[in-house]
Amino acid sequence: MTLHRRTLLRSTATLGLAALAPPLLAAGGKLRPGASAALIVVDVQNCFVDGGTLPVKGGAEVVPVINRLAKAFRNVIVTQDWHTPGHASFASAHAGHKPFSSIRLPYGEQVLWPDHCVQGTPDAALVEGLELPTAQLIIRKGYNPGVDSYSAFQEADRKTVTGLAGYLKARGIKTVYVTGLATDFCVAWSALDARAAGFETYVVEDATRAIDLNGSLAAAWKQMAAKGVRRIQSSDVEGV
Ligand code: VGL
Ligand code: ZN
């Protein structure tokens, strides 16, 4: 009887571990995003590719990778950087300050950018060729005139939420795969906030491109690793 119970306990523990262990691995050790996983496509907008107002080197190269990835996901979420004209993150809003310098705003340090991704302009539209017919939600961010929002989850004041965490939780999403632009700003901040909100979080490196301002890319990967964000390639996902 005792033995039997112990055996039972042991097998339950084993089963429990297996059931909990994220991620779901397909044969060959590939990741298999299931119904509780979502692909988050961050800011793949004209502003961030060649011809845009804040082009990220090689930014358009993420498009075919993301299009392929999206076919492996049941849930796809898209974000857009969506600034008001004269937004506080624009250097042009601060006399005497140049793009790519930093200033102190009431909520903290802010990099100043060229005017970019202004609401409703062609510059802020999603890149043509991005094919996400199954996308379920577009979340726009950075629309508060005085506060930036790199993250899809939380504005730069680190208080005002966008509602994305609540939406994902309400829909039973447990795992997110973050892609898009730029690796070291909106992708990293979104991934870190996803992790902090309790989601199992992957960044698909070859589905991102970086700005890399003063070592920001290495710093972002370091911080993400420290917080348990997993760095993968699109080829790690089954069928991609
Ligand atoms: C971003 C800088 C300014 C991004 C947005 O999408 O990474 N970077 N606004
Ligand atoms: Zn922006």
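These legends accompany several close-up views of a predicted model.

**View 1. Helix 5 and its buried face.** Let us start with helix 5, which covers residues 216-226 and has Ser-216, Ala-220, Trp-221 and Met-224 as its buried residues. Looking down the helix axis, these buried residues fall within an arc of 135 degrees, so they line one face of helix 5. What do they pack against? Their partners are helix 4 (183-196), strand 7 (200-209) and strand 8 (230-232). Turn to the face directed away from the buried side and you will find the exposed residues Ala-218, Lys-222, Ala-225 and Ala-226. Just after the helix comes Gly-228, with a positive phi of about 90 degrees.

**View 2. Phe-73 meets Tyr-177.** The structure holds 8 aromatic pairs, and this view shows one of them, formed by Phe-73 and Tyr-177. Their ring centres are 4.9 Å apart and their planes stand at 75 degrees, over the 60 degrees that marks the edge-to-face class, so the pair is edge-to-face. Phe-73 belongs to the loop between helix 2 (62-70) and strand 2 (75-81), while Tyr-177 belongs to strand 6 (residues 175-181); the pair thus links distant parts of the chain, 104 residues apart. Are these two residues buried or exposed? Phe-73 counts as buried at 6% relative accessibility, and Tyr-177 counts as buried at 2%.

**View 3. Phe-153 meets Phe-199.** Here is a tilted aromatic pair, with 6.2 Å from centre to centre and 40 degrees between the planes. Phe-153 lies in the loop between strand 5 (135-141) and helix 3 (164-170), and Phe-199 in the loop between helix 4 and strand 7, so the pair ties together parts that are 46 residues apart in sequence. Phe-153 is buried, with a relative accessible area of 5%, and Phe-199 counts as buried at 1% relative accessibility.

**View 4. An aromatic cluster.** Which residues make up this group? Phe-100, Trp-113, Tyr-150, Phe-185 and Trp-189 are linked into a cluster by ring pairs.

**View 5. The largest pocket.** The volume of the largest pocket is about 320 Å³. It is lined by 15 residues, and the closest to its centre are Asp-184, Ala-188, Trp-189, Leu-192 and Gln-223. Which helix gives the most to this lining? Helix 4 does, with 8 residues. Helix 4 and helix 5 each supply at least two residues of the lining.

**View 6. Gln-136 and its surroundings.** We finish on strand 5, where Gln-136 is found. With 35% relative accessibility, Gln-136 counts as partly exposed. Leaving aside neighbours within four places in sequence, Gln-136 is in contact with Arg-74, Asn-75, Val-76, Ile-77, Tyr-167 and Arg-171. For a sense of distance, Gln-136 and Ala-70 are 12 Å apart in space, C-alpha to C-alpha, and 66 residues apart in sequence.

Notes: Residues numbered from 1 in each chain as written. Chains lettered and ligands numbered in written order. Predicted model: local features only at pLDDT ≥ 70, side-chain atom pairs only at ≥ 80, totals over all residues. Heavy atoms only, no water. Buried < 20%, exposed > 50% of the residue type's maximum accessible area, 1.4 Å probe, protein only. Helix = DSSP H or I, 4+ residues; strand = E, 2+ residues; numbered from the N terminus. Arc of directions from axis to C-beta. Contact = heavy atoms within 4.5 Å. Phe/Tyr/Trp six-rings, centres within 6.5 Å; stacked < 30°, edge-to-face > 60°. 1 Å grid on protein atoms, 1.4 Å probe; cavity = no way out; pocket = protein on both sides within 12 Å on 5 of 7 lines; lining within 4 Å. Points joined across faces, edges and corners; volume = space filled by probe spheres on them.
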